[in-house]
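Thank you all for making the time this morning. I would like to walk through one structure, going from charged pairs to nonpolar cores and then to a single helix.

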Amino acid sequence: MKAPSLQACDWLKPSMSVMSSMMRAAVLLRSSAPLLTWPQSRRLASKQVKGQRKEQKKPNLKPKVDKQEVEIRQGMTAAALAAAMNRDFDHVVEALLNTPADLDSLQPNSVLEDSWIKEAVIRSGMKFRWAKLGESRERPNRDAQRRPPADPTLLASRPPVVTIMGHVDHGKTTLLDSLRKSQLVATEAGGITQHIGAFLVQLPTGERITFLDTPGHAAFSSMRARGAHATDIVVLVVAADDGVMNQTVESIQHAKNAKVPIIVAVNKCDKPQADPQRVKQELLAHGVVCEEFGGDVQAVHISALKGDNLQALAEATVALAEVLELKADPDGPVEAVLIESRTDKGKGPVTTAIVQRGTLRRGCVLVAGRCWAKVRFLFDENGRAVPEAAPSAVVQVVGWKELPSAGETVLEVESEQRAREVVEWRSHQAEQHKLLGEQSAVQLKQQRHLEEYRRDREPLAHLSWRQRRAALYRADKIRFSMRPSERTESDEPGLPLVIKGDVDGSVKTLLNILDGYDAQDECRLDVIHFGVGDVSENDVNMAATFGGSVYGFNVAASRGVTQLAARRGVALQLHRVIYQLVETLRHELSSKLPPQRRCSTVGEATVLAVFAVSVGKKEVLVAGCRVQKGQLDRRLKFRLIRGRDTVWEGSVLALKHHKDDVATAKAGMECGVSVDGEVDFSAGDVIECFEEQEVPRVTSWDPGF
């Protein structure tokens with residue numbers, strides 16, 4: 001091996017010195033104990049610092065707050081949502097501000113849209129969860145049904161049910177009065193029938209006929225329709241001296257709709273101006289063809305007041321009943337129809353019914369509509385207690401838990417428990433129908449509101465959300481600053497009403513009349529409560545709360561109720577005749593309307609010449625006039641008419657005759673007229689003197705009678 005050269009050794013000297021210095025440094029490091037542990041100590045210190053930082057941060061963190069969880073479901077009302085959130089109704093209203101929700105019409109029972117429910121919960125700082133819906137099981141039908149038709153061999157003959165119909169004051173009640181030899185007509189208020197009367201008449205020949213006497217007044221159309229559908233034969237009473245009238249035509253239509261045969265009784269044939277032939281000819285125009293004109297309708301000429309030819313009418317009715325072969329099943333559960341219902345002070349709810357099938361006895365359990373009864377007593381039309389009622393019998397039933405509506409079908413059930421099941425099922429069905437109607441109304445209103453919402457915001461689409469919010473706030477400042485409960489009452493005239501009647505049919509009649517009210521733009525008419533029975537303190541208090549009136553038909557009010565109405569300023573209108581009640585209502589509606597201002601011309605004058613008169617330093621134009629008709633009174637107002645235009649209107653400064661100031665200028669006189677202000681009179685102008693008067697307005701509502 002060759003030894004390194006001298007130059008190479010020179011080059012290696014610095015390298016070896018560097019290596020030796022590095023080795024010395026390594027030895028020093030090993031020999032120093034504290035320096036040996038430095039890297040490990042650094043790592044430990046680093047971990048401790050991180051741990052200390054975590055321990056310092058923990059106290060600074062905010063404690064986690066659990067949000068309140070609200071269970072929501074579809075179709076919740078505002079009150080239900082407030083209860084689920086444990087808040088009040090006003091909180092829900094505030095949470096829905098600036099949303100498409102219509103806060104003006106929002107009520108506690110208003111159904112909210114799903115998006116509004118979620119929005120209200122989120123804005124309230126809560127979280128929501130949908131309620132778990134159980135398996136929807138269809139509720140079994142527990143309704144009571146009519147029996148299937150009975151075996152024809154089990155049917156027995158029954159008396160016919162005959163309804164007497166016709167125009168008011170054509171003698172229907174007098175006819176029935178003569179048939180049963182009573183004085184029923186003397187008990188009717190105003191001489192007109194205002195209720196459905198049902199009576200069993202025993203003819204001299206032994207036949208029995210159940211008669212229904214329906215009102216003939218135009219207001220009782222619903223009663224006539226109900227009577228036509230509960231009858232076998234219709235006796236149409238037409239006065240020979242009056243002919244076919246409006247309610248006569250309506251009665252014919254009711255009979256045709258019910259598919260019931262008609263017998264025409266031409267009444268008042270004893271009067272000198274009677275013309276029975278004209279009556280039968282007028283009936284041809286309405287599809288009632290009498291036998292002498294080739295039809296099948298019997299026409300009997302009678303005089304109910306004198307009792308002429310009533311036997312022929314009874315025979316015609318019995319003959320038609322035999323042709324119809326009227327039969328019914330006297331056994332099995334009872335089926336009947338309610339003719340009328342009322343509340344009696346001593347008996348409670350009382351109904352008048354016609355038995356159609358089965359035999360009604362005491363102790364039977366009945367169902368009618370959403371009401372049920374266990375029969376305690378049965379009474380005939382004369383108030384005598386009877387043990388039972390066969391088919392076609394008219395009977396008053398006592399024992400109802402609540403008052404059913406007239407026109408309902410009565411069915412007998414096995415027990416009280418079964419009756420409760422039927423009533424509960426029918427109430428459930430009624431609630432479902434009502435809910436469906438409300439949901440459809442809500443959806444329609446939501447759709448309209450959404451369209452309006454989009455239409456209002458379309459012009460603001462180019463703005464930022466802050467600008468849009470400010471613009472909407474300025475536009476709806478009053479709406480957003482005032483809640484529905486804080487809004488002042490409307491200045492528009494209105495009349496809230498409480499309606500009370502003696503029977504259910506009377507109340508329905510009054511409600512039908514008010515349904516035809518068509519002057520809501522003049523005066524708002526609202527029925528806030530209605531019911532059957534005498535006027536009570538609750539009725540007066542309710543009317544006082546709404547600032548309305550109480551109208552009663554064939555009902556009474558005790559002395560305490562009358563005094564309470566006087567103290568609270570409630571108008572208590574009690575009537576026994578239907579058209580008097582309606583007329584009083586029209587007068588009260590008219591009194592709510594603001595008066596009209598009407599101008600009446602007092603005098604006219606023609607301008608003959610115009611000249612100027614100096615009054616101090618001022619020149620005043622004076623119109624020289626001649627009064628053509630009436631008189632000019634300087635205390636009244638004047639107008640200047642040129643051609644067909646009114647040039648000026650106001651008061652005059654002076655009215656002179658020659659040089660004298662006068663208060664009036666009569667026809668034929670010449671006078672000078674000066675007015676306040678600059679008015680350019682011209683010859684040929686007409687000056688009118690007129691008087692303004694306030695004239696009471698009359699409602700435009702016409703009930704039709």
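This is a predicted model: local features need pLDDT of at least 70, side-chain atom pairs count only at pLDDT 80 or more; totals for chains, interfaces and linings use all residues.

Glu388 counts as partly exposed, at 43% relative accessibility, where buried means under 20% relative accessible area, exposed means over 50%, and partly exposed is in between, with a 1.4 Å probe and protein chains only. Its salt-bridge partner is Arg361, with the closest N and O atoms 3.2 Å apart, and Arg361 is likewise partly exposed, with a relative accessible area of 42%. A salt bridge here is a side-chain nitrogen of Lys or Arg within 4 Å of a carboxyl oxygen of Asp or Glu. Arg361 is in strand E13 and Glu388 in strand E16, 27 residues apart, and the pair links distant parts of the chain; helices (H or I, at least four residues) and strands (E, at least two) are DSSP runs, numbered from the N terminus.

Residues are numbered from 1 along each chain as its sequence is written, and side-chain values use heavy atoms, with hydrogens and water left out.

How many salt bridges does the structure hold? There are 33 salt bridges, and one of them joins Arg146 to Glu335, with the closest N and O atoms 2.8 Å apart. Because Arg146 lies in the loop between strands E2 and E3 while Glu335 lies in strand E11, this pair ties together parts that are 189 residues apart in sequence. Arg146 is partly exposed at 45% relative accessibility, whereas Glu335 is buried, with a relative accessible area of 5%. Glu119 and Arg123 form another salt bridge, at 3.0 Å between the closest N and O atoms, and both residues lie in helix H6, four residues apart, about one turn of the helix. There is also a network of salt bridges that links Arg142, Glu414, Arg418 and Glu421.

Let me turn to the nonpolar side. A nonpolar core is a set of buried Ala, Val, Leu, Ile, Met, Phe, Trp, Tyr and Cys residues joined through side-chain atoms within 4.5 Å. The largest has 26 residues, of which Ile164, Leu175, Phe211, Val235, Ile302 and Leu313 touch the most other members. Several elements each supply at least two residues of this core, among them strand E4, helix H7 and strand E7, but the largest share, seven residues, comes from helix H11. A second, separate core of 21 residues includes Phe638, Val673, Val675 and Val679.

Just after H16, Gly547 takes a positive phi of about 70°, in the loop between H16 and E21.
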